[in-house]
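Please consult the sequence and structure shown below while reading.

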Amino acid sequence: MNPPRTDARRHHDPDVRGFASDNYAGVHPEVLAALAVANGGHQVAYGEDAYTENLQQVIRSHFGPTAEAFPVFNGTGANVVALQAVVDRWGAVICAESAHINVDEGGAPERVGGLKLLTVPTPDGKLTPELIDRQAYGWDDEHRAMPQVVSIAQATELGTVYTPDEIRAICEHAHAHGMKVHVDGSRLANAAATLDVPMRTFTAAAGVDLLSLGGTKNGALFGEAVVVLNPDGIRHMKHLRKLSMQLASKMRFVSVQLEALLARDLWLRNARHAGEMAQRLAEGVRAVHGVEILYPVQANAVFARLPHEVSKRLQKRFRFYFWDEAAGDVRWMCAFDTTEDDVDTFVAALKEEMAR
Ligand SMILES: Cc1ncc(COP(=O)(O)O)c(C=O)c1O
């Protein structure tokens with residue numbers, strides 16, 4: 001499946017992996033194979049193809065009979081499209097201060113979606129009904145943007161995971177105030193692997209209204225989907241997707257990737273593996289004196305605090321990012337292709353650098 005390792009067109013070493021991001025990983029071979037299967041011949045463009053049609057059944061098998069998927073190119077696009085569908089011009093989105101939509105989407109929710117974000121600081125990336133209440137007020141106050149949706153990420157940007165009960169409580173609270181609930185599920189599979197429950201348990205069955213469902217970090221080449229779980233009050237998704245520049249003309253190639261991940265258990269195998277590697281990494285790191293793990297390791301990320309100069313030296317050997325450079329905080333991410341050897345070699349290097 002993969003090209004020969006000596007291929008003259010290859011400009012990188014396929015055996016080198018780091019801990020920078022699950023987006024640094026390549027494409028799972030089963031997804032590449034599925035792309036090849038979908039190739040050839042003509043199919044109707046813009047989503048009326050056989051692969052997108054089949055994806056709808058796969059999505060319903062995961063999320064229930066009312067679920068409908070709208071494939072898009074990327075996670076930012078999924079969030080911007082989904083949130084526009086539930087927010088009026090005078091409305092607003094309540095989210096964690098650390099939310100990807102707030103800190104990592106280049107202002108796209110504000111500038112492309114025209115969305116006002118009402119942010120709340122959180123200790124671990126997770127909202128609670130109490131935290132939501134810091135922004136959930138003033139629906140009749142024309143001086144304030146009207147809170148219309150709560151957006152949470154599962155797993156969060158800080159690698160933490162909501163329990164199904166926590167999400168249920170958020171949904172009940174939001175709905176009691178007439179607000180919808182959106183889940184940024186760019187790592188939904190990782191959360192399901194950790195919780196060891198179907199994705200439906202902590203989305204549709206917990207009351208979530210709509211979802212950005214990730215594919216890229218789970219082994220796709222690219223591609224995510226907005227999944228509408230509860231169609232009540234969700235407006236004009238198709239139009240919103242197009243005007244937000246997220247309508248793929250050759251949609252079959254987005255849909256077939258999601259189908260390859262979700263139709264059987266590839267999504268879970270990949271997510272479980274990434275989670276296991278993060279646990280292995282956390283275990284190794286805990287044994288290194290002077291390195292502090294910052295948040296519960298519940299998905300595929302380990303956040304740690306260590307001396308700045310140690311991180312700088314380690315970065316010469318492995319790719320990873322500072323999360324808060326001034327504080328000495330770093331993020332180490334595992335992916336579906338991280339190996340035990342990668343983790344063990346990294347932990348050994350960390351020990352070495354800490355001892356220098
Ligand atoms: C929580 C979260 N949401 C969404 C995304 C999707 O971003 P992108 O637009 O890069 O696909 C990411 C990617 O890092 C993410 O971490």
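The model is predicted: local features require pLDDT of at least 70 and side-chain atom pairs count only at pLDDT 80 or more, while totals for chains, interfaces and linings use all residues. Residues are numbered from 1 along each chain as its sequence is written, and side-chain values use heavy atoms, with hydrogens and water left out.

**Ligand surroundings**

- The ligand sits in the second largest pocket. A pocket is an open set of points on a 1 Å grid over the protein atoms alone, where a 1.4 Å probe fits, with protein on both sides within 12 Å along at least five of seven lines; a molecule sits in it if more than half of its atoms lie within 2 Å of its grid points.

**Ligand contacts**

- Polar contacts are pairs of N or O atoms within 3.5 Å.
- A backbone N or O atom of Gly-75 is 2.8 Å from an oxygen atom of the ligand.
- For Arg-187, a polar side-chain atom lies 3.0 Å from a ligand oxygen atom, and for His-100 a side-chain N or O atom lies 3.3 Å from one.
- The ligand taken alone exposes 390 Å², of which the protein buries 81% (Shrake-Rupley method, 1.4 Å probe).

- Four strands form an open antiparallel sheet in the order 8-9-11-10; strands pair if DSSP finds at least two bridges between them.
- Strand 8 (292–293) and strand 10 (321–324) are the edge strands, each pairing on one side only.
- Two bridges join strand 8 to strand 9 (residues 301–305), and Ile-293 stands opposite Ala-304 in strand 9.
- Strand 10 pairs with strand 11 (residues 329–333) over three bridges, and Tyr-321 has Arg-331 as its bridge partner.
- Four residues separate strands 10 and 11 in their hairpin, where Gly-328 in the turn has a positive phi of about 85 degrees.

**Backbone features**

- Most residues other than glycine have a negative phi, and most peptide bonds are trans.
- The peptide bond from Gln-154 to Ala-155 is cis, with omega near -5 degrees; Ala-155 lies in the loop between strand 4 (146–153) and helix 7 (164–176).
- Asp-196, although not a glycine, has a positive phi of about 60 degrees.

Conventions: Polar contact = N/O pair within 3.5 Å; in protein donor to acceptor, adjacent residues only side chain to side chain. 1 Å grid on protein atoms, 1.4 Å probe; cavity = no way out; pocket = protein on both sides within 12 Å on 5 of 7 lines; lining within 4 Å.
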